[in-house]
Amino acid sequence: MKKQFLFVFLIVLSFTTLFTSCKEDDEEITEEVKESIIIGRWEGETATTSVIQDDSVFPIQTQDISNTMMEFNADGTYNSTVNDEDGNLVDNSGTWILSNGDTEIIFDASTEAEGIFTIDALTESDLKITSQEEETIDPDQGTITASITMDFKR
């Protein structure tokens, strides 16, 4: 009986050790890791414009932004190429920083052109950022939020 108990105990112990040692560690993405992932060239895919009112999201338009390029440099500068309203390619450059617990990118901080984007997704090959702007058009209608979400790939 003791041999049977010992045998069962060793099997249970083996399985417990096997499953706990194979457990994937939850790695916290630190600022250094996020910066190292962000740095480099990103190619635009889509930009979706939406209006949000009373917790309802109304997508307005999704457009192809494959002509858009964004390059984040390690020195905190960026270069981008975007289509203007007439469809012409325009080069831009400025500065960028991670903010708010590394959940936001601020472009051109403390300037008139400042833009704040929430990082919705970030992997080695995918970057999804969203910018929102609230506006009260009619006090009886409440606040309307305009949102643009941009998807980039490497």
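## Salt bridges, strand pairing and confidence

R41 counts as partly exposed, at 45% relative accessibility. In this predicted model, R41 forms a salt bridge with E43, their closest N and O atoms being 2.6 Å apart. E43 is likewise assigned to the partly exposed class, with a relative accessibility of 30%.

A salt bridge also joins K153 and D126, with an N to O distance of 2.1 Å. K153 belongs to strand 9 (residues 142–153) and D126 to strand 8 (residues 126–138), so this pair ties together parts that are 27 residues apart in sequence. K153 is partly exposed at 32% relative accessible area, and D126 is partly exposed at 25%. The count of salt bridges comes to two.

| Salt bridge | N to O distance |
|---|---|
| E43 with R41 | 2.6 Å |
| K153 with D126 | 2.1 Å |

Strand 3 takes part in two antiparallel pairings. Strand 1 (residues 40–53) pairs with strand 3 over four bridges, and G40 stands opposite F72 of strand 3. Strand 3 also pairs over four bridges with strand 4 (residues 77–83), again in the antiparallel sense; here E71 has N79 in strand 4 as its bridge partner. Strands 3 and 4 form a hairpin with four residues between them, and G76 in the turn has a positive phi of about 85°.

The protein averages a pLDDT of 80, and 79% of the residues score at least 70. Among its elements, strand 3 (residues 69–72) has the highest mean pLDDT, 95, whereas helix 1 (residues 2–21) has the lowest, 40. Over residues 1–28 the pLDDT stays under 50, and the model has zero contacts beyond four places in sequence for them. Where pLDDT is low, the predicted coordinates should not be read in detail.

Key
Residues are numbered from 1 along each chain as its sequence is written. This is a predicted model: local features need pLDDT of at least 70, side-chain atom pairs count only at pLDDT 80 or more; totals for chains, interfaces and linings use all residues. Side-chain values use heavy atoms; hydrogens and water are left out. pLDDT is the predictor's confidence in each residue, from 0 to 100. Contact means heavy atoms within 4.5 Å. Two strands pair if DSSP finds at least two bridges between them. A salt bridge is a side-chain nitrogen of Lys or Arg within 4 Å of a carboxyl oxygen of Asp or Glu. Buried means under 20% relative accessible area, exposed over 50%, partly exposed in between (1.4 Å probe, protein chains only).
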